[in-house]
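Here is a short tour of one model, meant to be read with the viewer open. Please keep the sequence at hand as well.

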Amino acid sequence: HYAQSICSPSRAALLTGRFQTRSGVWGPKGSPLVFYQASIGGLPLDEVTIPEFLKMNGLNYSTAIVGKWHLGISENYKYLPSAHGFDFFTGLPTVSDDPDPPYCFPDKRGCWPSTS
C-alpha cells in the first residue's frame, strides 16, 4: 500500500506499515515531507522498518536495497538504509533530479559526492 503520491511519505508508509503522519514523514501544516540532499531530517530512527522486523526474534534475514532511498541522509549519513535494518545499499539517497545527486556505495564507503 502507499499513502501519498510523492516519494518520501509513500516509502515511509511502505517500509513501516504505518500511515505517513504517524511515522514522522509529514511536514508542517499538514503538507507531505520530501527529503532532499540538503534536508536535515529523515525517517525517524525509532521507526521499525520491515528489514528491522525481519531481524527481530532470531528471524535472521539478510536485507538489501538497490535504487532510490529518499528517506533522508543528514549529517554523518545517519538516516541511510543501514540505520534502518538494511545490510546492503547502493543507489541514490535522494531524487535523481537534484543538482549533482549523491550516489551511495555498498560496504559503508559512504556517498559520493560528499553530502555534507
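This is a predicted model: local features need pLDDT of at least 70, side-chain atom pairs count only at pLDDT 80 or more; totals for chains, interfaces and linings use all residues.

Numbering starts from 1 along each chain as its sequence is written, and side-chain values use heavy atoms, with hydrogens and water left out.

**Helix 1**

Let us begin with helix 1, residues 7–16, where seven of the 10 residues are buried (under 20% relative accessible area, 1.4 Å probe, protein chains only). Helices here are DSSP runs of H or I with at least four residues, and strands are runs of E with at least two, numbered from the N terminus. The buried set is Ser8, Pro9, Ser10, Ala12, Ala13, Leu15 and Thr16. Among what covers these residues is helix 2 (50–55). Just after helix 1 comes Gly17, with a positive phi of about 75 degrees.

Ser8 belongs to helix 1, and a polar atom of its side chain lies 2.7 Å from the backbone oxygen of His70. Gly72 sits in the loop between strand 1 (64–66) and strand 2 (88–90). Its C-alpha atom is 9.3 Å from that of Pro44, 28 residues away along the chain.

| Residue | Relative accessible area | Contacts |
|---|---|---|
| Ser8 | 0% | Val25, Leu33, Val34, Phe35, His70, Leu71 |
| Gly72 | 2% | Phe35, Gly41, Gly42, Tyr79, Leu80 |

Key:
Buried means under 20% relative accessible area, exposed over 50%, partly exposed in between (1.4 Å probe, protein chains only). Contact means heavy atoms within 4.5 Å. A polar contact is a pair of N or O atoms within 3.5 Å; within protein, one must be able to donate a hydrogen and the other to accept it, and residues adjacent in sequence count only if both atoms are side-chain atoms.
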